[in-house]
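Thanks for making the time this morning.

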Amino acid sequence: MADRYSRQELFKEIGKEGQKRIENSSITIVGVGALGSVSADLLVRAGIGRMKIFDNDKVEESNLQRQSLYVENDVSKYKVEALKIHLEKINSNVRIEAITERICAENIDKIKADVIIDGTDNMETRFLLNEYSKKGKIPFIYGAASGSIGVVYNVLADGACLSCIFNDSKNLATCDTDGVISSTTHIVASMQVAEALKIILGKNPSKELMRFDVWKNKFENFKVNKSAKCMVCIGEYSLLDKKNYEEFVVSECKTKSAYTAKPKKKMLLDIRKITKNFETVEDAVIIAVIKIKDEEIIVHDYGELLFKTLTEVDRIKEIAKEIYKVGKR
Ligand SMILES: [Zn+2]
């Protein structure tokens, strides 16, 4: 297919030489939801050489509104596994590695690439990626979308980092709380891909924070400065060096007003072992409802736990550890 990249080779900023550079480059996308699945699509079509995709979530019906490559048949499959199949049909020249893991301090070295793209939906992981980017001098393209507002920022070796800008704020809105429209997420992903190509080609990637509101037709650029107080920029990587590893994450599920625990890596639970060891309300082979000290917990065989009434995170962590210890295959 000699013609395959003809349109982007005609674009003078890329040309035939730039195309070769793209084909010799590697990209990692962390999180393949609304942002990551779209940037994966565009980069595979652009002919990137190698791509690693990381995510430990499964496709849900509510994802289909904006996560373009997924289809109805993909619901309940692991996102990275479903996505890899679609991407390979689009461009069989690209070497794609799908990894069903949530990125944390212990496995972060696996993401090594020429450029890292943010497809996550939480600040905790982004701050970790920010440290990894600064420490290893690997460009990291931050992207976020909420409602009709999108933000993109390049964390580069010499500029301000996410900690300089956001001051470790953990409570920024996510699409769970404010909703989001597909135009917003597609624009953010498209801008991230354009920045990734500029970085690969050495063509002046943006040094400013780019923000738009697609509903109000507003596009703005903000100059950002390095903070003298930023610990990351002076070389202290507290998240990368974090000990006390936990194999799961607890998060508040906004839509169901309950708490969930999800394994960071693919996990299979033996529901029979669990129902044998805990008071059981319901047992349906792949899912069970158990009771621990009057608290009901729904246990899925793929490791997700739903706490219907408990709200105390430390207690939830304790119980989750107990359940995983008993049921892990
Ligand atoms: Zn900084």
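Lysine 77 has a relative accessibility of 41%, so this residue counts as partly exposed. Please keep in mind, as we go, that what is on the screen is a predicted model. The partner of lysine 77 in a salt bridge is aspartate 74, and the closest N and O atoms of the two are 3.8 Å apart. Aspartate 74, for its part, has a relative accessible area of 4% and is therefore buried, the cut-off being under 20%.

Let me move on to another pair. Glutamate 81 and lysine 266 form a salt bridge in which the closest N and O atoms lie 2.9 Å apart. Because glutamate 81 sits in helix α4, residues 79-90, while lysine 266 belongs to the loop between β10 (258-263) and α9 (271-277), this pair ties together parts that are 185 residues apart in sequence. Glutamate 81 is partly exposed at 35% relative accessible area, and lysine 266 is partly exposed as well, at 49%.

How many salt bridges does a search of the whole structure find? The search gives 13, and one that I would still like to show is between the side chains of glutamate 13 and lysine 203, with an N to O distance of 3.5 Å. Here glutamate 13 is in the loop between α1 (6-10) and α2 (15-23), and lysine 203 is in the loop between α8 (182-201) and β7 (209-213), so parts that are 190 residues apart in sequence are tied together by the pair. Glutamate 13 is partly exposed, at 35% relative accessibility, and for lysine 203 the value is 35%, which again counts as partly exposed.

Note on methods
Residues are numbered from 1 along each chain as its sequence is written. This is a predicted model: local features need pLDDT of at least 70, side-chain atom pairs count only at pLDDT 80 or more; totals for chains, interfaces and linings use all residues. Side-chain values use heavy atoms; hydrogens and water are left out. A salt bridge is a side-chain nitrogen of Lys or Arg within 4 Å of a carboxyl oxygen of Asp or Glu. Helices (H or I, at least four residues) and strands (E, at least two) are DSSP runs, numbered from the N terminus. Buried means under 20% relative accessible area, exposed over 50%, partly exposed in between (1.4 Å probe, protein chains only).
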